[in-house]
Amino acid sequence: MTKPTHTPMMQQYLGIKAQHPDMLLFYRMGDFYELFMGDAERAAKLLDITLTQRGSTNGQPIKMAGVPYHAAEGYLARLVKLGESVAICEQIGDPATSKGPVERKVVRIVTPGTLTDSALLEEKRDSLLMAVYAQQNKLGLAWLNLASGQFWVCETGLDNLAAELERLQPSEILHVENSRVQIAHTAVCKPLPEWHFSQDTARRALCQQFATMDLAGFGCAEMTVGVAAAGALLGYAKLTQGQTISHINGLQVYRTDAFVRMDAATRRNLEISQTLRGEPAPTLFSLLDTCASNMGSRLLRHWLHHPLRDRTVLRARLTAVEQLLLPSPASGRGVGGEGVLRGNNPLPSPLPQVGEGIRDLGGRKGVFSKPLFELVHTHLKSAVDVERVTARIALRSARPRDLSGLRDTLAMLPALVATLAAVPDRLAALASDLQLDPALSALLQSALRAEPSTVLREGGVIADGFDAELDELRGIQNNCGDFLLALETRERQRTGIATLKVEYNRVHGFYIEVSQAQSVNVPDDYRRRQTLKNAERYITPELKAFEDKALSANDRALAREKYLYEQLLDALAPQIATLQQLAAALSELDVLSCFAERACSLNFNAPEFTDAPHLHIVQGRHPVVETQVEQFTANDTRLVPTRQMLLITGPNMGGKSTYMRQVALIALLAHVGSFVPAQQATLGEIDQIFTRIGASDDLASGRSTFMVEMTEAAHILHNATAKSLVLVDEIGRGTSTFDGLALAYAIARHLLETNRSYTLFATHYFELTRLADEFPQLANVHLAAVEHQHRIVFLHSVNDGAASQSYGLQVAALAGVPPAVIKIARKQLRTLEQSSAAHHPQGDLFSMTAPVEAIDLPEIPEDHPAIAALKELQPDDLTPKAALAWLYEWKTRV
């Protein structure tokens with residue numbers, strides 16, 4: 001009995017699969033990518049495709065599932081979204097010359113963090129690959145955007161990992177096997193053996209990639225764990241692409257002190273790019289994103305999550321926004337003209353609105369049709385995603401439509417540069433980056449057809465006239481009919497056979513057909529090809545030569561086009577850095593134009609920066625909430641050293657959280673270089689923004705709602721500085737009233753005495769309002785509301801002083817609590833208010849001049865007259881008058 005064995009093809013498959021055991025293997029067979037055995041079962045469930053069985057190998061039936069290769073991208077996109085990685089195995093051998101299975105190998109690996117194909121990527125979100133490596137208490141992070149070539153590295157503390165993951169939102173995370181670092185994130189995690197994170201190997205690999213002697217020029221020569229993470233990441237990226245990645249030509253060091261830091265809770269609470277429910281809108285990003293290009297949208301998202309502290313850069317952005325708001329030069333007034341000083345920068349007063357006609361600008365009247373930002377956006381709408389196209393050129397995966405789109409974008413640049421001809425400062429620098437060598441555009445214009453085919457294998461990509469050999473092959477294909485007609489005419493004249501025909505069929509190719517009766521008249525150079533009942537078919541040397549040329553012309557033309565396309569990619573490769581610079585300039589110009597459009601449409605104004613410790617907002621608004629309601633009430637905010645904390649009271653639903661968030665969002669927008677939703681905003685230096693707003697339990701980590709709340713509060717108290725903006729909303733709700741009040745009191749005192757941060761502190765503990773008597777730098781404010789016929793009307797205006805009541809029952813009624821329940825609650829509230837002081841006296845937190853432990857109480861003997869009197873006293877039987885008389889009696893005795 002012979003032992004069952006695998007077929008040669010399955011031996012090949014299993015050998016390749018063994019190299020990629022943890023991912024799906026797309027094994028190319030003809031026009032399909034096939035999956036076998038376990039992969040087939042998994043893919044069938046994930047993709048909802050048919051699972052079949054064919055034949056057997058090693059005595060077992062072969063389970064199979066497959067997808068058409070021309071539709072593979074759609075299936076890959078679905079798998080990547082599900083967190084799967086896929087190895088793409090292609091046929092690289094020639095089936096005609098292969099004696100056994102056609103040679104195959106994995107040409108690339110598709111993972112969630114290494115995507116470059118447009119069909120697999122989200123248009124407005126970067127797909128980041130991150131590596132995490134820790135030694136002792138130091139954490140090294142590296143992250144790569146393979147679709148753009150941006151490569152970053154940093155070193156930080158282990159406790160900052162959650163904040164960094166929330167900031168970057170990576171798609172895939174590489175880490176050491178059995179690492180002690182806990183990664184709590186939705187990204188796909190890929191464990192690697194620790195040798196991948198060797199520091200020496202990493203330095204050599206990085207220096208080789210950047211063609212440098214060392215890493216000093218990138219500012220990371222002294223880094224250890226960060227460089228190790230970067231090296232592991234680079235090696236993994238090369239492995240997945242199966243080639244060098246030439247567009248990664250530098251490493252940037254991320255320094256936290258360059259940005260206004262925000263922890264994970266703050267990013268969630270401010271709903272910068274995702275709502276608290278995990279939805280993409282309504283958020284600050286969804287409101288602001290009117291960018292004309294996808295690369296502009298991605299840069300906008302990046303800026304919002306990376307607010308800058310460098311005021312030189314911020315002022316340059318604000319100046320650019322102001323210039324983009326001015327009428328275009330075509331209106332008869334240059335954008336560099338004088339305006340009215342608003343904030344730190346000149347602005348036309350009032351701002352020109354889209355569609356308005358005549359306006360007095362600087363004493364001269366002129367007619368204009370469009371502000372400059374609108375003209376810029378009109379040009380940018382025709383631009384392709386140059387950033388991602390450049391990456392695909394570097395990886396040699398660019399498709400014909402990528403290059404034709406790049407060609408059209410380059411052709412648009414002169415008009416865009418002309419639009420920016422008169423602008424100074426930052427816009428002038430961006431305009432300079434848009435001026436490329438005309439030879440690059442000319443090459444693409446001459447090489448590509450106006451509308452090339454979607455894929456190269458279909459042909460029709462290279463323009464006519466670009467290559468003589470290709471033109472000849474196309475001529476053979478296109479002029480085949482003319483040649484046959486001409487040959488037929490000549491042969492009829494030569495032979496005198498009027499019924500002679502020159503024809504073609506797929507079985508026998510080209511032939512000359514004559515009737516049986518005329519076959520005796522054919523010339524000697526006719527060679528019989530086929531005999532029919534009533535006719536004979538012949539071939540001549542001339543027709544045979546044409547047949548050989550014509551039948552191979554299509555294949556030769558496709559091969560020639562592929563060769564020329566590869567040559568075109570080779571010619572574009574030296575221009576990678578130039579194209580990356582172009583993409584960066586177009587993206588920034590797009591975002592600045594977006595800021596200008598939003599300022600014009602949403603009535604935003606330029607913020608001012610000051611060196612004094614100062615945060616002053618006049619008529620500030622929450623940009624997102626404002627668009628969701630019919631009427632929004634604007635409010636002022638002033639925080640200075642003598643007014644360091646605002647203690648905010650007022651009813652639920654009164655707008656306390658909205659008011660606090662709008663202050664943080666105004667500060668955030670100012671630090672990305674955008675105008676802000678306020679009549680005026682002046683900001684001193686801000687290093688961090690903290691929020692402690694709302695909370696939910698963290699069951700996965702075994703933390704209750706109150707524990708999450710206290711953890712966030714502890715983080716603020718340990719890290720906030722005098723330059724930080726801190727928002728605290730209703731701290732201490734998750735425990736007993738006394739515990740919560742005591743904690744809220746202590747946290748507020750710590751923020752006032754130790755942190756001294758700019759603080760907005762909202763609370764329902766009215767006892768805290770008495771802190772203003774002890775701390776003059778605390779100001780009580782409240783959100784106004786009025787009660788009418790047991791109903792509450794929210795005024796949403798911020799006024800000085802503490803609120804008079806919390807209106808809890810009225811808010812409950814608004815929420816739909818049944819009237820009967822409200823009635824019982826109202827009765828119980830009166831009872832509690834009347835009896836609380838007698839039965840459950842609450843200690844005065846603010847009467848203590850020293851901690852309880854420090855009070856040395858005298859020992860009172862058991863037989864003391866006062867003790868005996870207290871034991872006999874029955875408080876429930878006393879009237880208020882009798883109780884007062886009792887107290888006076890004992891006061892007299894004392």
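## Salt bridges between separate segments

K124 counts as partly exposed at 35% relative accessibility, where buried means under 20% relative accessible area, exposed over 50% and partly exposed in between, with a 1.4 Å probe and protein chains only. This is a predicted model, in which local features need pLDDT of at least 70 and side-chain atom pairs count only at pLDDT 80 or more, while totals for chains, interfaces and linings use all residues. Residues are numbered from 1 along each chain as its sequence is written, and side-chain values use heavy atoms, with hydrogens and water left out.

K124 forms a salt bridge with D289, their closest N and O atoms being 3.1 Å apart; the term stands for a side-chain nitrogen of Lys or Arg within 4 Å of a carboxyl oxygen of Asp or Glu. Because D289 lies in the loop between α8 (284-288) and α9 (294-305) and K124 in the loop between β6 (104-110) and β7 (129-135), the pair ties together parts that are 165 residues apart in sequence. D289 is buried, with a relative accessible area of 15%. Over the whole structure, 47 salt bridges are found, and D126, R298, D385 and E387 are linked in a network of them.

## Helix α13 and its partner

Helix α13 covers residues 400-419 and spans 29 Å from its first C-alpha to its last, close to the 28 Å expected at 1.5 Å a residue, the expected span being 1.5 Å times one less than the number of residues. Helices (H or I, at least four residues) and strands (E, at least two) are DSSP runs, numbered from the N terminus. A kink of about 30 degrees lies at L413, shortly before the proline P414; the bend at a residue is the angle between axes fitted to the seven residues ending there and the seven starting there. Since 14 of its 20 residues are buried, α13 is largely enclosed by the rest of the structure.

The side chains of D402 and R392 meet in a salt bridge of 3.0 Å, N to O. D402 lies in α13 and R392 in helix α12 (residues 386-394), so the pair ties together parts that are ten residues apart in sequence. D402 is buried at 13% relative accessibility, and R392 is buried at 5%.

## Strand β30 and its neighbours

Eight of the eleven residues of strand β30 (residues 778-788) are buried, so this strand is largely enclosed by the rest of the structure. Strand β25 (residues 645-649) runs parallel to β30 and is joined to it by five bridges, whereas β30 and β31 pair in the antiparallel sense over seven bridges; two strands pair if DSSP finds at least two bridges between them.
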